[in-house]
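Please look at the sequence and the model before reading on.

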Amino acid sequence: MSELQRIWAGWRSAYVSGTEKDRVPEGTGSVFERLLASGRPDRETYVLWRGQHCAALLNAYPYGTGHLLVLPQAAVPDLLDLSAAAHDELWRGVRAGVHAIRTAYDPDGVNVGTNLGSAGGASIPGHLHVHCLPRWRADTTFLATVAETRMLPEPIDLTWEKLRDAWPADDAG
């Protein structure tokens, strides 16, 4: 009989205790718009990059370590709603995000994707966002399948530091 294994994730205590909600101010606009306009330091809000039209930040509910989002600063629900300038900057941001992920984590691969509309799986359907996350061949676990749990091996503050330091200076990757 094997011994019960424990996964320690003390940095999640703020979320579990309810104090994590203080990270995003109340108000109008999408959660992303409120976060970006909060006036709080980027380190505190996990914003990795700000462009003229778009920004990148860590996913508050990541599939795995290094999971970031690139999104327009103003809420638009669909790729077809973006201005030409925002469209170009969004994809430059995605490219820069992939560069940062590869530099910081040296993964075997990277997932890039977006869910358009509620039926397409969007959790925040009114504000388009592109997911970018590192993947490894041997990164398989039954936790998500049997325990509805994800294990993140590093604190989110360290993830922010690694990706921010790896973000290309010209934002283009």
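## Basis and overall fold

Helices (H or I, at least four residues) and strands (E, at least two) are taken here as DSSP runs and are numbered from the N terminus. The structure is a predicted model, in which local features need pLDDT of at least 70 and side-chain atom pairs count only at pLDDT 80 or more, whereas totals for chains, interfaces and linings use all residues. Residues are numbered from 1 along each chain as its sequence is written, and side-chain values use heavy atoms, with hydrogens and water left out.

The chain contains six helices and five strands, and their order along the sequence is α-α-α-β-β-β-α-β-β-α-α. With a contact defined as heavy atoms within 4.5 Å, 63% of the contacts in the chain with a separation of 6 or more are between residues 24 or more positions apart.

## Burial and surface

Residues are classed by relative accessible area as buried (under 20%), exposed (over 50%) or partly exposed (in between), using a 1.4 Å probe and protein chains only. Accessible areas come from the Shrake-Rupley method with a 1.4 Å probe, and for residues only the protein chains shown count as cover; the accessible surface of the chain comes to about 10,300 Å², of which carbon and sulfur atoms contribute 52%.

The structure holds zero disulfides, a disulfide being a pair of cysteine sulfur atoms within 2.5 Å. Cys54 is buried, at 0% relative accessibility, and Cys132 is also buried, with a value of 0%.

## Salt bridges

A salt bridge requires a side-chain nitrogen of Lys or Arg within 4 Å of a carboxyl oxygen of Asp or Glu, and the search of the whole structure finds six of them. One of these joins the side chains of Glu44 and Arg40, with an N to O distance of 2.8 Å; Glu44 is partly exposed at 37% relative accessibility, and Arg40 is partly exposed at 30%.

The side chains of Glu161 and Arg43 form another salt bridge, at 3.1 Å from N to O. Glu161 belongs to helix H6 (residues 156-166) and Arg43 to helix H3 (residues 42-45), so this pair ties together parts that are 118 residues apart in sequence. Both partners are partly exposed, Glu161 with a relative accessibility of 30% and Arg43 with one of 44%.

Asp108 and Arg137 also meet through their side chains in a salt bridge, with 3.4 Å from N to O. Asp108 lies in the loop between helix H4 (84-105) and strand S4 (109-113), while Arg137 lies in the loop between strand S5 (130-135) and helix H5 (143-146), so the pair ties together parts that are 29 residues apart in sequence. Asp108 is partly exposed, with a relative accessible area of 43%, whereas Arg137 is exposed, at 69%.

## The buried side of helix H6

Which residues of H6 are buried? They are Ile156, Thr159, Trp160, Leu163 and Ala166. These residues cover an arc of only 140° around the axis, which puts them on the same side of H6; the arc is that of the directions from the helix axis to the C-beta atoms. The cover over the buried residues of H6 includes H3, strand S1 (47-50), strand S2 (54-58), strand S3 (68-72) and H4.
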